[in-house]
Amino acid sequence: MEAGTSPESTETTNGAPDGWVGQAIKRKEDPRFITGTGRYIDDMTIPGMLHMAVVRSPEAHAAIVSIDKSEAEAMEGVVAVYTADDLPVEGGIPMVWDPPGVEVNTPEHMPLKSGEVKCVGDPVAVVLGTSKYGVVDAAELVIVEYEPKPVVVDPEAALEEGSPLVWDQFGTNKTHEWALAGGEDVGAAISGADVVVEQRIVNHRTAAAAIECRGCMAEARGDQITLFSSTQIPHITRFLMAGMLGMSEDHIRVVAPDVGGGFGGKLNTYAEEVLVCAISRKLGRPVKWIETRSENMSNTAHGRDQIATITLAAKSDGQVTGVRAKIVSDLGAYFQILTPFIAELGFPVAGGCYKIGGIDLHFTGVFTNKFATDAVRGAGRPEMTHWIEVMMDQLAQRLDMDPLELRRKNFIPTDEFPFTTALDITYDSGDYHGTLDKLLTHLDVDEFRREQAELRERGIHRGLGFSTYVEVCGLAPSRAVGPQGVGLQAAFWESAAVRVHPSGSATVYSGSSPHGQGLDTSFAQIAADRLGISPEQVDVLHGDTNQGPFGWGTYGSRSLSVGGEAIARASERVQAKAKKICAALLEAAPEDIELAGGEFRVRGQPDKTMTMADIAGAAHIPPNELPADIEPGLEETAFYDPENFVFPFGAHACIVDVDTETGKVEVKRWVAVDDCGPAINPMLIDGQVHGGVAHGIGQALYEQVVYDEEGQLVTGSFVDYALPTAAEVPMFETDRQETRSPVNSLGVKGVGEAGTIAATPAVVNAVVDALRPLGIDYLDMPLTPMRIWQAIEEAKGRGEGPRATEQGSDAGPHGRGAAGSGPTHPDGGGVA
């Protein structure tokens with residue numbers, strides 16, 4: 001079977017004029033959300049339920065000398081206070097990356113700490129009681145004596161000899177090294193280049209900051225336990241929980257009810273989920289924990305936190321010949337499920353949209369006294385895209401070349417797809433010239449440059465930045481990323497079951513588990529077209545391990561290209577059986593039955609038709625005319641493991657104004673052209689792009705998780721961690737191009753992370769474009785008013801910004817960020 005084909009031949013037309021797929025129908029799930037009738041973790045109560053509060057360490061690194069829980073235990077309404085000694089579990093939070101030939105120093109990550117704490121927020125005890133607020137008060141009565149130990153928060157300092165060690169047992173703060181190179185020799189490309197541009201680029205630590213914090217509730221009954229959790233991965237959580245609790249997996253049920261956003265922060269199994277299960281088993285009562293926003297900031301996995309030194313080699317005509325990246329990743333004190341692999345996860349798109357002869361990547365992971373980093377929207381791909389797109393602008397400036405002309409010169413030609421990169425990654429399809437061309441139909445660059453020059457005469461500094469990105473998603477072919485590939489101890493296929501009821505309506509069971517993407521709608525559209533019914537007749541169920549087959553969850557923009565394809569295949573199997581039943585009842589051959597206009601009919605005989613309701617009725621109550629070899633019922637299951645990733649792409653443009661007196665940046669306009677293959681629902685695509693771009697603007701201008709030199713979390717709430725609001729983002733102008741992927745029958749790619757991946761370099765390039773006449777060639781994110789103001793003042797002191805020499809470069813003081821790149825936010829986290 002060729003890539004991109006389905007195992008069955010099938011039509012996809014029904015009662016909709018051109019099929020439901022491709023229509024911007026309203027989201028089926030929205031009425032319950034906008035009327036306040038959604039069902040989130042904190043809406044749920046079980047009789048006899050206890051509340052749990054966690055006692056957390058105020059120290060970034062310390063020995064636990066003693067824990068006195070007596071006063072808390074005596075408080076009215078308190079049922080129990082437990083420490084690690086009181087609540088043994090079978091194992092800690094697992095990390096699932098075991099790369100061949102690479103040793104990863106993996107520390108124990110127990111749900112409650114004993115002996116030492118390694119970061120602020122480490123859990124040392126839990127309080128159980130009947131009152132949600134009473135247990136919080138009681139937790140403050142647990143007296144923990146600590147003996148502070150030396151702290152390290154700067155990943156580069158952590159690698160230096162004599163640095164305080166986060167884990168004495170390893171004798172180093174280095175977690176691992178992982179290298180990958182391919183294509184032409186990059187060293188030779190650099191030494192033989194006409195132009196070499198080098199830059200140190202900081203991609204700072206951020207938070208997922210979902211509107212709903214994490215929460216979980218467990219109910220043990222006999223030898224069974226049910227865990228309700230605000231998670232992106234219910235099936236994976238059940239699998240991991242079985243090991244940590246020492247239980248048989250079939251005795252554990254995990255349910256993800258409505259989930260108020262995840263953005264990767266809920267792509268993990270956390271200590272609190274283990275604790276509520278273990279305590280419910282111990283006490284025989286339901287246990288509930290709801291995370292506060294401060295806990296969310298300190299103890300839900302952070303993202304990014306990488307320092308990359310990038311070397312780009314090129315010919316004088318702009319042809320890029322090689323790229324070398326040396327990346328230091330701050331992983332924090334512990335590992336979550338994928339922590340050490342997140343930086344590396346972007347390697348398939350290290351060359352971006354460009355035909356680069358050689359690529360050389362080297363990753364170094366580092367322990368620090370911070371909470372763990374892991375996946376946050378994009379997970380490794382935003383970092384890769386940021387540095388390649390920023391460096392393309394840096395190279396264009398060196399060559400005095402138009403940045404779009406430089407990009408076009410290096411784009412992979414459309415007629416060379418599928419294209420195999422220097423790292424032996426096959427891009428499925430692409431038309432990078434096409435998305436850029438379409439972008440420029442919305443934006444007149446020449447007119448902008450005239451306007452920019454006029455505004456500068458009036459003291460207004462306006463800038464234009466571009467980002468032409470390619471993303472790898474549709475995680476993932478198991479052979480590529482599983483144990484036999486890069487070493488993840490998991491598979492990444494997806495499952496679906498489609499059941500048509502006797503009345504003709506259908507239920508779709510998906511292993512994907514959405515948290516705001518609109519999958520109830522898009523999945524229903526896919527099934528409806530193949531079943532000949534309306535999406536309103538399709539109920540999509542997910543997030544419950546007791547319903548439907550095992551699934552690998554929602555992350556990495558995989559829901560549609562992997563989960564949706566599984567639904568398409570299961571629906572096609574149902575359609576094939578429906579045709580057999582129809583053929584038997586209409587006295588025709590199955591191959592002569594077609595689906596059109598919402599009816600199954602004999603080709604060429606429009607008067608001989610049956611609806612899905614007719615067929616389903618016959619399938620469940622078989623008439624005499626139905627042959628005995630056709631089994632009753634109308635239900636099929638499919639498992640889909642993709643043959644390759646999918647590679648969506650696009651072109652974004654950002655226009656900003658920079659107030660040189662205050663340093664404040666205002667995003668004036670945003671134009672985005674994205675190509676994620678054929679649209680299932682254009683409205684959902686726009687929503688994902690809007691949210692993704694807002695997320696990227698947030699990182700570029702406002703958001704940063706900051707620890708001070710003592711390891712104290714400075715940005716512990718939204719008072720200090722600045723999120724963009726509607727006032728900070730413009731109206732987004734979006735357009736699409738559709739290039740089919742040959743990997744799946746839908747031809748689709750992913751879009752959930754596209755805006756975030758594209759956004760940060762577009763913003764940075766725009767701000768630098770605005771400030772370059774003032775002598776500023778580069779700035780690290782976040783581009784806060786203080787950081788920009790300091791850069792402008794430093795440039796004034798120099799008289800003119802530094803310019804690179806012909807061979808090598810001189811990044812000047814801004815190569816480390818205008819205000820330096822230490823662990824603290826340059827303006828205390830504020831956003832003037």
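Predicted model: local features only at pLDDT ≥ 70, side-chain atom pairs only at ≥ 80, totals over all residues.
1. Sorted by class, the lining of the second largest cavity consists of 6 nonpolar, 3 polar and 4 charged residues.

2. Second largest pocket. The second largest pocket holds about 500 Å³ of space. Its lining is made up of 23 residues, with Ala-53, Val-54, Val-136, Thr-292 and Glu-295 lying nearest the centre. Four elements each contribute at least two lining residues to this pocket: the strands β1 (50-56) and β12 (287-290), and the helices α3 (132-139) and α8 (293-299). The class composition of this lining is 11 nonpolar, 6 polar and 6 charged residues.

3. Largest nonpolar core. The largest nonpolar core has 179 residues. Within this core, the residues with the most contacts are Met-52, Leu-361, Trp-387, Trp-670 and Val-767. Helix α18 (residues 754-771) gives the most to the core, supplying 12 residues. At least three core residues come from domain 2 (42-149 + 213-259 + 266-299), and at least three from domain 3 (302-474 + 644-797).

4. Contacts of Met-52. Met-52 is one of the residues with the most contacts inside the largest nonpolar core. Setting aside residues up to four places away in sequence, Met-52 touches Val-126, Val-127, Leu-128, Val-135, Glu-272, Leu-275, Val-276, Ile-279, Val-287, Lys-288 and Trp-289.

5. Thr-83. Is Thr-83 buried or exposed? Thr-83 counts as buried because its relative accessibility is 11%, and the cut-off for a buried residue is under 20%. Thr-83 is placed in strand β3 (residues 78-83). Apart from neighbours within four places in sequence, the contacts of Thr-83 are Ile-67, Lys-69, Leu-112, Val-124 and Ala-125.

Methods:
Residues numbered from 1 in each chain as written. Heavy atoms only, no water. 1 Å grid on protein atoms, 1.4 Å probe; cavity = no way out; pocket = protein on both sides within 12 Å on 5 of 7 lines; lining within 4 Å. Points joined across faces, edges and corners; volume = space filled by probe spheres on them. Nonpolar A, V, L, I, M, F, W, Y, C, P; charged D, E, K, R; others polar. Buried < 20%, exposed > 50% of the residue type's maximum accessible area, 1.4 Å probe, protein only. Contact = heavy atoms within 4.5 Å. Core = buried A, V, L, I, M, F, W, Y, C linked by side-chain atoms within 4.5 Å. Domains from an automatic or database assignment.
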